[in-house]
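Student: I am new to this structure. Could you take me through one part of it closely?

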Amino acid sequence: MAPKPKEKGKPSPSPWQPPPAIEDLFTALNKHIQRSEYEQAVKVADQVLGVAPADEDALRCKVVALIKADNIDDALSTIQSAQRVPIDFSFFKAYCLYRQNKLNEALESLKAQERNSETMLLESQILFRMGKMGACVDVYQKLLKSKIDSLEINLVAGLVLGGRASEVQGMMEANRIKASSSFELAYNTACSLIERNKYTEAEQLLLTARRIGQETLMDDNLAEEDIEIELAPIAVQLAYVQQLLGRSQEAMEAYTDIINRNLADESSFAVAVNNFVAVKGTKDVSDNLRKLDRLKEKDAQGFQLAHGLEKLSAKQRETIYANRVLLLLHANKLDQAREIVATLTDMFSDSVVPVLLQAAVLVRENKANRAEEILGQFAEKFPDKSKIILLARAQIAAAAGHPQIAADSLAKIPDIQHMPATVATIVALKERAGDIDGASAILDSAIKWWSNAMTEDNKLDVVMQEAAAFKIRHGREEDAAHLYEQLVKSHGSVEALAGLVSTVARVNVDKAEAYEKQLKPLPGLKGIDVDSLEKTSGAKHVEGAYISVAEVQEEGKKEKPRKKRKRKPRYPKGFDPANPGPPPDPERWLPKRERSSYRPKRKDKRAAQVRGSQGAVVREKHDASASAANSSSSNSKANQATSKASAEKSKPSPKSSRKKSRN
């Protein structure tokens with residue numbers, strides 16, 4: 001029997017060690033926080049909470065350390081688990097929600113907080129991210145007296161994105177702020193110059209911002225790659241200014257360099273890709289779509305921008321989506337375009353771009369009526385945003401052959417309703433629709449508006465001239481004559497007087513002759529007998545080119561023949577006229593058969609030799625021809641017989657009787 005194995009000795013239990021004192025834990029916690037070792041600080045805070053679960057200082061330190069370590073989810077869960085503790089974490093909760101891009105919940109969490117500089121600054125950041133630039137700028141202006149560092153940078157950015165770039169210069173002068181005080185402020189000020197179409201000044205300020213940024217970041221001992229990442233927005237904006245200045249090739253090279261090197265933050269990289277696609281256009285749609293694919297979320301089924309691009313403004317994100325849809329339409333991928341457009345309405349509910357893209361997709365699907373209906377409904381619902389919508393509706397309707405809808409859409413735009421170009425377009429559309437009375441009413445309304453308009457560049461004479469021509473064209477001579485009379489009295493133009501004479505002559509000849517006397521006589525017409533011209537049968541038609549009066553007069557004048565200048569002959573390169581050499585062959589351009597040196601090839605006489613007497617040869621030829629005739633006749637009979645036999649054999653069956661022979 002095998003011996004039993006000896007039992008292994010059990011390890012002796014370690015002696016119990018008491019937990020470290022709370023004072024020592026807080027000392028370690030403070031040390032980790034001072035060294036920015038936030039993960040270690042979280043572990044020490046957990047040890048403190050293990051001893052004292054309701055310690056307020058430990059909870060606060062843990063939440064702040066988690067936020068500093070970018071563990072936003074853990075920080076928010078810690079705040080939610082500490083609801084029983086009487087600590088107000090509303091500010092930290094609002095910040096965590098802001099970092100998670102839950103902006104409405106973040107604002108709601110801030111409402112319970114006291115209005116101080118910290119809460120107001122966070123509120124302004126949330127409003128900035130939401131795109132509410134008016135409210136954001138108001139908060140920034142209230143905080144200017146608080147002397148918060150770099151606040152003017154955010155204020156300038158808010159003014160630019162809020163469409164108030166013209167106020168930047170005045171604000172900076174009032175607060176004695178220099179654009180070159182930091183590279184961020186120089187960059188934002190340059191953006192305000194771009195919005196004011198001062199591209200050259202913006203380019204110079206961006207170059208200054210790049211120089212200041214390089215010096216500042218090098219003093220902070222940053223690596224070259226980190227410096228390039230920090231200055232990537234300036235590089236992208238410089239390329240954009242070059243694009244606006246018409247230097248597209250330079251802009252393309254800059255965008256390509258930024259994309260290929262991939263040394264930029266996510267937002268700057270996205271802007272570079274979008275601008276590159278915009279400059280390239282529709283030259284290579286598939287390549288542009290692949291470029292935009294680099295901006296989408298990897299796990300998303302459709303096209304959805306990555307989470308890292310949340311820092312982009314709403315306008316920038318909308319532009320990327322719009323370019324994506326337009327490229328899909330050019331690639332004829334209507335299903336994908338329709339899928340993106342369906343999501344844009346909820347994402348950008350205050351914008352007109354999703355509605356325009358929806359109409360574009362419907363037009364590509366040959367559903368112009370549906371597109372006109374959607375645009376019309378949006379214009380009625382949002383009249384303050386209806387201008388571009390009505391213009392798009394007019395264009396779609398005109399292209400679809402609906403001139404009346406197009407004219408009505410243009411007539412609903414008050415800003416341009418009475419402009420000469422708009423009036424001419426509406427009149428042409430109504431003429432095409434057969435609404436002559438409506439077109440005449442549009443002209444009368446434009447004349448009335450310009451008569452009361454107090455503008456330097458008044459277009460009353462242009463509108464009245466075109467209105468008179470329109471009325472003549474449609475047989476309304478009296479109305480046209482009345483307009484011409486007003487033009488003659490108010491402006492006294494020769495064109496109006498001539499039009500008045502030709503118009504009144506159809507109604508009242510005496511009145512036309514009275515107005516005709518006001519016309520200045522044309523030079524050169526005194527020697528022409530009008531009565532004799534009227535008695536002639538008219539000019540005879542002459543075949544050939546028409547001869548003008550000026551040419552006839554020139555023929556009557558005798559001009560001295562011009563002497564031709566003698567020019568020296570131009571010789572080929574290297575040719576010496578003193579030693580020209582042998583003359584060229586005079587027959588060098590003639591065909592070979594026509595040259596004197598041509599000798600035809602000799603025929604082979606042996607093939608024509610005949611043996612025997614001549615009569616025998618003739619008789620053989622005659623016999624051969626006769627036999628050939630007989631054989632041909634016999635062959636024809638045989639062919640007829642075989643064709644009959646084959647026809648009898650190949651009679652069609654009842655199933656194939658419908659087939660007809662083409663022979």
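Tutor: What follows looks at the cavity, then at one helix and the cysteines. Keep in mind that this is a predicted model.

Start with the cavity. The count comes to one cavity of 30 Å³ or more. About 30 Å³ of space lies in the largest cavity. Which residues line the largest cavity? They are Gln417, His418, Val423, Ile426, Ile442, Ser445 and Ala446. Two elements, α24 (420-433) and α25 (436-452), each give two or more residues to this lining. The largest share comes from α25, with three residues. By type, the lining divides into four nonpolar residues, three polar and no charged. As for the method, a probe the size of a water molecule is rolled over the atoms, and this shows where empty space is left.

Now turn to helix α5, which spans residues 90-99. Its buried residues are Ser90, Phe92, Ala94, Cys96, Leu97 and Tyr98. What do these buried residues pack against? Their partners are α3 (56-68), α4 (72-81), α6 (103-110) and α7 (117-130). After α5 comes Asn101, and its phi is positive, near 65°.

Why does Cys96 count as buried? Its relative accessibility is 0%, and buried means under 20%. Cys136 is buried too, because its relative accessible area is 0%. As for disulfides, the structure holds zero.

Definitions and conventions
Residues numbered from 1 in each chain as written. Predicted model: local features only at pLDDT ≥ 70, side-chain atom pairs only at ≥ 80, totals over all residues. Heavy atoms only, no water. Buried < 20%, exposed > 50% of the residue type's maximum accessible area, 1.4 Å probe, protein only. Helix = DSSP H or I, 4+ residues; strand = E, 2+ residues; numbered from the N terminus. Contact = heavy atoms within 4.5 Å. Disulfide = S-S within 2.5 Å. 1 Å grid on protein atoms, 1.4 Å probe; cavity = no way out; pocket = protein on both sides within 12 Å on 5 of 7 lines; lining within 4 Å. Points joined across faces, edges and corners; volume = space filled by probe spheres on them. Nonpolar A, V, L, I, M, F, W, Y, C, P; charged D, E, K, R; others polar.
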